[in-house]
Amino acid sequence: MRKCSLRLLKYYAALVVAMSSIPVAAQIPSTDSLLGAGLGVDHVGLVVRDLEQVQRDYEGLGFKVSVGGSFPGGLSNKIIHFGNETYLELLSVKDPKTSSGEMADFVSFASKHDGAMFLGLQVSSAKETATFLKTRDFDMTGPDPGQILKGGETEPPPPQWYTVSPADKPAAGKQSFNIPIFFIEYLKATRSKHAQDAAQQPNGAMAITAAWFVVRDLQDQLKTLRAGGFEPDQSREAFLLGARGSAFRAGSGWIVLLDAADKAKPLRKFVSDYGDGIITISVETSNIKKAEGFAESGAHIKPKHYSGTFGRSFLLPPITTHGLWIEMFQR
């Protein structure tokens, strides 16, 4: 199970804030106390070995990649912003040979493959989310404040976000999410113009709509998600890569679980190589023909269209996206 530690989850949030753009909570009507009025599906972290090469490859696929930076511990990142304020975060350790401590988990992950390491879920109140989960016997840590020093600053600014995360080792009798997710509340109300401009994607990409997880015990994971507040009456059947699964509404997006016991070859291989984890993200585009054109010119592949869970779709294979199937779709 690729499960992130609390320290790393806090660190992920710091990286994004350091890019001078903090997503705004979309005002989505919701009665789900787990997320409140938060955006829900917020960002996915893709850990890679060669950040510059990954940027070139994603730009070839029609994605605009924002300039990143270097951070304490030797971690670097770049951001792909989308119009609904979701984003794909590209992460890489500068020098694996000299990295230790928190960076060791990144190094260990990247030593196996490039791939998606975590999903962040935006909530409107970290405090309310923590209380909601703890009353349901989930072992959670937080809310924990976070901030980062920017150029020229010598004193830490006031908190810019709060995170709530599953305990690394749940106490006896307590529940925990066994997929790599965490919850984040952003405190800043607006995004920078840089982030708004960066969200104009050449291939028409507008949003990360779903994160697809392969799990070895589907029924147990379904039970845990329901216990954690992902309501069963908001679920739907989903299908991808020749397999069927269950999708749970998560704010404006979806969390989808695919059963590793399914006979679909991509799922069996993924679990055999890496265990449970994120195998796919669904990205909505305003123009599937434009997205397809970039796939043909940038990756030299001929996409095959199909009727997907969210609309007319085609798949970008992991060899072109560095370890992650990307479903491009148009509603």
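Predicted model: local features only at pLDDT ≥ 70, side-chain atom pairs only at ≥ 80, totals over all residues.

Biologist: What makes β14 and β15 a pair?

Modeller: Strand β14 (residues 306-307) and β15 are joined by two bridges in the antiparallel sense, and the cut-off is at least two, so they qualify. In one case, S307 has R312 in β15 as its bridge partner. The two strands form a hairpin with four residues between them, and G311 in the turn has a positive phi of about 150°.

Biologist: How do you know that β15 pairs with β16?

Modeller: Five bridges link β15 to strand β16 (residues 325-330), running antiparallel. The definition asks for at least two, so that is a pair. R312 has Q330 as its bridge partner in β16.

Biologist: Why is β14 called an edge strand?

Modeller: β14 pairs on one side only, as does β10 (235-240). They belong to an open sheet of eight strands, ordered β10-β11-β12-β9-β13-β16-β15-β14.

Biologist: Why is β15 described as largely enclosed?

Modeller: Four of the five residues of β15 (residues 312-316) are buried, so the rest of the structure largely encloses this strand.

Biologist: And why does T280 count as buried?

Modeller: T280 has 0% relative accessibility, so it counts as buried; the cut-off is under 20%. T280 is in strand β13 (residues 277-285). Beyond its neighbours within four places in sequence, T280 contacts residues including W212, L241 and W325.

Definitions and conventions: Residues numbered from 1 in each chain as written. Heavy atoms only, no water. Buried < 20%, exposed > 50% of the residue type's maximum accessible area, 1.4 Å probe, protein only. Contact = heavy atoms within 4.5 Å.
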